[in-house]
Amino acid sequence: MYLPHFVGDYFSTYICEVINLFFTKMKTTKVSLIDVFSGSPWEVELIKGLLEKANVQTQVKDEAEMRVAVPSESYTTAMKVLASRI
């Protein structure tokens, strides 16, 4: 099937704009983290392992007390995992 040249140009431009928009949004999207556990280093590693085994992304914060944080959209899943194990 033959498409006129201007249709191909329009389609290429549209695809480039969509891809650019996608990557721009990815760069500016900020993930808010919620603390779900705090404790000693070995406890934090144990909880982190449980959550990661359940495919919940984690981040360890080492402040005055070590903490495990998860993205806000994973909070409910994280709490269910912890409730079933603790």
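Analyst: Before we start, a residue is called buried when its relative accessible area is under 20%, exposed when that value is over 50%, and partly exposed in between. Please also keep in mind that this is a predicted model.

User: With that in hand, what percentage of the residues in the protein is buried?

Analyst: Of the 86 residues in the protein, 20% are buried. The surface can be described as well: the protein exposes about 6900 Å², and carbon and sulfur atoms supply 60% of that area.

User: How many helices and strands are there, and in which order do the elements run from the N terminus?

Analyst: One begins by listing the elements along the chain. Here the protein has three helices and three strands, and, read from the N terminus, they follow the pattern α-β-α-β-β-α.

User: Which order do the strands take in the sheet, and is their pairing parallel or antiparallel?

Analyst: The order in a sheet is read across neighbouring strands, and in this case an open sheet of three strands is arranged E1-E3-E2, with antiparallel pairing. E1 and E2 are the edge strands, since each pairs on one side only. From one strand to the next, the twist averages 30 degrees.

User: How many bridges join each pair of strands?

Analyst: Strand E2 (residues 59-62) and strand E3 (residues 66-71) run antiparallel and are joined by four bridges; one example is Lys61, whose bridge partner in E3 is Arg67. These two strands form a hairpin, with three residues between them. E1 and E3 also pair in the antiparallel sense, over six bridges, and there Asp35 stands opposite Ala69 in E3.

User: Which residues form a nonpolar patch on the surface?

Analyst: The patch consists of Ile34, Tyr75 and Met79, which together have about 210 Å² of accessible area. Of these, Ile34 lies in strand E1 (residues 33-39).

Terms used: Residues are numbered from 1 along each chain as its sequence is written. This is a predicted model: local features need pLDDT of at least 70, side-chain atom pairs count only at pLDDT 80 or more; totals for chains, interfaces and linings use all residues. Side-chain values use heavy atoms; hydrogens and water are left out. Buried means under 20% relative accessible area, exposed over 50%, partly exposed in between (1.4 Å probe, protein chains only). Accessible areas come from the Shrake-Rupley method with a 1.4 Å probe; for residues, only the protein chains shown count as cover. Patches are made of residues with over 30% relative accessible area and no salt bridge: like charges are joined within 9 Å, nonpolar side chains (Val, Leu, Ile, Met, Phe, Trp, Tyr) within 5 Å. A salt bridge is a side-chain nitrogen of Lys or Arg within 4 Å of a carboxyl oxygen of Asp or Glu. Two strands pair if DSSP finds at least two bridges between them. Axes are lines fitted to C-alpha atoms, for helices over the stretch in contact, and angles run from 0 to 180 degrees between N-to-C directions.
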